[in-house]
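Here are my notes for your first look at this structure. Keep the 3D view open and find each element as you read.

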Amino acid sequence: MWKMEKQPGALNRNPHELYYLRMQRTKEKMDREKTEENLYQNKRRLKVCVATCNRADYSKLAPIMFGLKSHPEEFELEVVVLGSHLIDDYGNTFRMIEQDDFDIGSKLHTIVRGEDEAAMVESVGLALVKLPDVLQRLSPDILIVHGDRFDALALATAAALMNIRILHLEGGEVSGTIDDSIRHAISKLAHYHACCTRMAEQHLIAMCEDHSRILLAGCPSYDKLLSTYHRDDYMDIIKSWLGDKVKENDYIVALQHPVTTDIQHSIKIYGLMLDALISFNKRTLILFPNIDAGSKEMVRVMRKKGIEQHPNFRAVKHIPFEQFIQLLSHAGCMIGNSSCGVREAGAFGTPVINLGTRQTGRETGENVLHVRDADTHNKIYHALELQFGKRYPGSKIYGDGNAVPRILKFLSSIDLDEPLQKTFCFPPVKDTISQDIDHILETQSALAVDLGGTNLRVAIVCMQGNIVKKYTEPNPKTFEDRMHLILKMCKDAVQDGARLNCRILGVGISTGGRVNPQEGIVLHSTKLIQEWSSVDLRTPISDALGLPVWVDNDGNCAALAERKFGHGRGVDNFVTVITGTGIGGGIIHNSELVHGSTFCAAELGHIKVSLDGPECSCGSQGCIEAFASGMALQREAKRLHDEELLKMDGMDVKLAEPITAAHLISAARKGNSKANAVLHKASLALGVGIVNILHIVNPSLVILSGVLASYYQAPVQQVMLERALFSAQSIKVVKSDLEEPALLGAASMVLDYATRRTY
C-alpha cells in the first residue's frame with residue numbers, strides 16, 4: 001500500500017487515482033527542470049560593441065572593455081575605432097588600444113580635416129555614410145557610446161536608426177558649451193544610461209528618461225585611477241616626460257580645448273594662458289588641443305610663441321592614461337578647460353584653474369578655481385599664484401572605483417525581448433481636448449497654500465482673485481504630519497477643482513520664515529512653525545501632484561497679492577507691511593519683488609528702532625516686532641491685566657478668557673491711559689521703522705495689512721509727517737482691502753508666472 005498524500009479530497013479518492021496524480025506531478029517537475037536547463041544552456045552571450053573616437057573617451061571606455069573581456073562566458077566584445085584615433089597629428093592613438101590587446105574589428109577614417117565648423121559637420125556626415133555597413137556586419141545587441149563628441153552623435157544616430165540598443169555613458173551632465181546640446185541629443189537617442197553623479201541622474205529624469213533604465217554608476221575611469229595612482233615609480237614617469245630636474249608638485253599640466261560656439265574668444269584665452277605660463281616660469285607639460293573647430297588656430301598660436309622650443313615647456317600630442325594619471329596627481333597645478341581638470345583631478349586634490357566657460361556647469365570639488373572671464377594675462381597669472389603648489393582633499397563626486405562592476409551587472413540585466421522602442425516618462429498632464437466647450441469654459445486657477453503658525457489653509461483661487469473653495473485644518477506640530485496633511489489637502493482640492501471646472505495651473509505656497517524661492521526650500525522658519533527648517537517643499541508636492549510649485553515667504557506673498565489684486569496694481573514701487581502676530585512684509589521695486597542676496601530682504605519686523613528695547617523673537621532687542629506685533633501687544637496687555645491696570649468701566653474680561661491685543665485696544669479706546677501709552681509707543685516704533693524704509697527704498701505707497709492695520713494706519717501716517725524727510729512726507733499709508741493676502745499672494749505666483757516663466 002502506498003502512502004496517501006494529505007490534500008483536500010485525498011481520503012475520498014481511490015489508490016489508482018492518487019497514484020496517477022503523483023506520477024503526473026513528478027513528470028511536470030522533470031519537464032520544468034529540463035526546460036530551465038535548456039534555457040540556461042541556450043542563453044547566448046550579449047554582443048556588445050564599444051565605439052571609441054579619441055584618446056579622452058578611450059580612458060573612460062577602456063575599463064569597461066577590460067571588464068567585458070574578462071567575462072567571455074557572458075559578453076562578446078566588438079571594438080570600433082574612428083575619429084581622431086586614426087590621425088597622425090593627434091598621435092595615432094589607436095595603437096594604445098592594440099597595445100592593450102584588444103582586437104579592433106573596424107577602423108573608420110571619419111575626420112574631414114580643416115578644424116573648423118564645416119569640417120565638424122562634414123565629419124559627422126562621413127561617419128554616417130560609413131557606419132551602417134560596419135553596424136550591419138557586426139550586428140551588436142548593444143552599442144556603448146561615451147560623452148558629448150560630434151563623432152559620438154554620429155554613432156548614436158546611426159545605431160538608433162538601425163534599431164540597435166544604445167548605452168550612453170556620462171549623460172545628464174552640464175558643461176556650458178555646445179557639448180551640452182550634443183550630449184543631451186545622444187541621451188534622447190539612447191535606450192540606457194550609465195551616469196556619473198546624482199545630479200546627472202536627476203537631470204536625465206527631468207529630461208523624461210525612464211528611471212528604471214538609468215544606472216548611477218560613477219565614472220569608469222575612476223576604477224582605474226583610484227586603484228593605480230599610488231605607484232612607486234611615479235617619479236620615473238614624471239622625469240620621462242619633463243626631464244630629470246623636475247620635482248614633485250613643482251610642474252604644471254596644461255590642456256586647453258577650443259570652445260566651438262566662441263572660437264575667437266577661446267583662441268584669445270589660449271594665448272593669454274600661454275603668456276601667463278611663460279611669465280610664471282615653471283616647468284609645464286602642455287598637451288595639444290582636441291580636433292574641434294579652432295584647434296588649428298590654437299596650435300598656430302602655440303607655435304608662434306615658440307612653445308615647442310621653449311626650455312620650460314614639453315608639448316605632446318598624447319600620453320597613455322596610466323602615465324597621465326601619475327603626471328596629473330603629482331602636479332603642482334593643472335590649467336586649461338579639459339573635463340579631466342574638474343573630474344579626474346578632483347580625486348587627487350590637484351589644484352585646477354579652469355579657464356573660460358567650457359566646464360563651468362559641471363560639479364566640481366573645492367580644488368577648482370574658475371576664471372570664467374579670462375580676459376587678461378594678469379588675471380590668469382594671479383590664479384596661478386593662488387593655486388600652484390596647494391593640495392586639496394580628494395573628492396569622489398564622479399565615482400568610488402566600482403563603476404565597471406555596476407555597468408556589467410546592468411548590461412547583464414538587459415532583456416533583449418523587451419520592446420526596442422524607448423518610452424519617455426513625461427510628468428502627468430491632463431489630456432488635451434480640442435474644441436470642447438467644457439475645456440473652453442474652464443476657469444484658469446491656482447492652488448494656494450498658507451502655512452500659518454496655527455492653521456494650514458488651502459484654497460482654489462481663480463484668475464480674478466476670487467476664492468472658489470477654501471479648506472482649513474489645524475497645523476500639525478511635526479514635520480511628517482504636516483507634509484502628509486499638505487499633500488492630502490492639495491490632492492482633495494485638485495479633485496474638487498476638476499468638479500468645479502477649474503484648471504489648476506500650479507501650486508503657490510506661503511510660509512513663515514526665510515525661503516529660497518529659486519529652489520522652493522524653507523531655509524529657516526519662525527518659532528511659530530516647529531520642525532520647519534531646510535525643508536524642500538517644491539519636490540515632494542510637485543512629484544505628488546504633477547504640477548509646478550512656487551514657494552515664498554508670507555510677507556513677500558502679501559506684497560505679490562497687493563501687486564495683482566490690491567492697492568499695488570499699476571504701482572511700480574511700494575512696500576507692504578503685515579501687522580499681525582508678527583511683523584513682516586515685502587518690497588516691490590520697479591514692479592519686481594526684492595528677495596536680496598540671501599533671501600532675507602524685507603524682514604521689516606526686525607528693523608531696529610531702539611538699542612535697548614524689549615527682546616524680539618529673533619533673539620535681538622529693540623526690533624519693530626518687539627514693540628508693535630500682536631504678540632508684543634498681547635504681552636503688554638497681560639502685564640497690565642496682572643497689575644489690575646487694564647480693565648475699564650464697560651469692559652467685560654472674564655477670568656477664563658485669554659488676554660489679547662484686542663483687550664488692550666479696547667481699553668485704550670475707553671480712555672485707559674496705560675493702554676494708550678503702550679499703543680502710542682507701538683505706533684511710534686512702527687512709524688519710525690517705516691520712515692527708515694522710506695529713506696532706503698523710497699516707495700510711492702505704503703500698504704498696511706493684517707489684523708492691526710486699521711488701528712495703525714493713522715498713527716503711522718502722523719509719524720511719517722513728523723519724522724520723514726520732506727520729500728517722503730507725502731507718501732500715503734493705506735490699509736489693505738484684501739481679506740486673504742497670504743492665499744492670494746501664493747496664488748498670484750502661479751497665475752502670474754505659470755505661463756510667463758519670469759518668476
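This is a predicted model: local features need pLDDT of at least 70, side-chain atom pairs count only at pLDDT 80 or more; totals for chains, interfaces and linings use all residues.

1. Find strand E1, residues 46–52. All of it is hidden: 7 of the 7 residues are buried, so E1 is largely enclosed by the rest of the structure. Now look at its two sides. In a regular strand the side chains alternate between the two faces of the sheet. In E1, one side carries Leu 46, Val 48, Val 50 and Thr 52.

2. Which strands pair with E1 in parallel? Strand E2 (residues 75–82) is one of them, joined to E1 by 7 bridges. Here Val 50 has Val 79 as its bridge partner. Strand E4 (residues 142–146) also runs parallel to E1, over 3 bridges. In that pair, Val 48 stands opposite Ile 142.

3. Follow the chain from E1 to E2. Helix H2 (residues 55–69) belongs to this stretch. E1, H2 and E2 make a β-α-β unit, and the unit is right-handed.

4. Next, turn to Glu 201 in helix H7, residues 198–206. Is this residue buried or exposed? Glu 201 has a relative accessible area of 5%, so it counts as buried, the cut-off being under 20%. Leaving out residues up to four places away in sequence, Glu 201 touches Cys 195, His 211, Ile 214 and Leu 216.

5. Strand E12 (residues 352–355) is another buried strand. Val 352 and Asn 354 point one way, while Ile 353 and Leu 355 point the other way. All four names are buried residues. E12 pairs in the parallel sense with strand E11 (residues 333–336) over 3 bridges. It also runs parallel to strand E13 (residues 368–371), with 4 bridges. Look at Asn 354 in particular.

6. Strand E17 (residues 502–511) and E21 pair in the parallel sense over 5 bridges. Within this pair, Val 507 stands opposite Val 549.

7. Finish with a helix pair. Two packed helices are described by the angle between their axes and the distance between the axes. For H18 (residues 479–499) and H19 (residues 538–545), the axes come within 11 Å and cross at roughly 35 degrees. The crossing is right-handed. From H18, the contact includes Met 483, Ile 486 and Lys 491. From H19, it includes Pro 540, Ile 541 and Leu 545. By class, this contact has 9 nonpolar, no polar and 1 charged residues.

Notes. Residues are numbered from 1 along each chain as its sequence is written. Side-chain values use heavy atoms; hydrogens and water are left out. Axes are lines fitted to C-alpha atoms, for helices over the stretch in contact, and angles run from 0 to 180 degrees between N-to-C directions. Helices (H or I, at least four residues) and strands (E, at least two) are DSSP runs, numbered from the N terminus. A crossing is left-handed if the near helix is turned anticlockwise from the far one by less than a right angle, and right-handed if clockwise. Contact means heavy atoms within 4.5 Å. Ala, Val, Leu, Ile, Met, Phe, Trp, Tyr, Cys and Pro count as nonpolar, Asp, Glu, Lys and Arg as charged, and the others, Gly among them, as polar. Buried means under 20% relative accessible area, exposed over 50%, partly exposed in between (1.4 Å probe, protein chains only). Two strands pair if DSSP finds at least two bridges between them. A crossover is right-handed if, with the strands pointing away from the viewer, the path from the first strand over the helix to the second runs clockwise.
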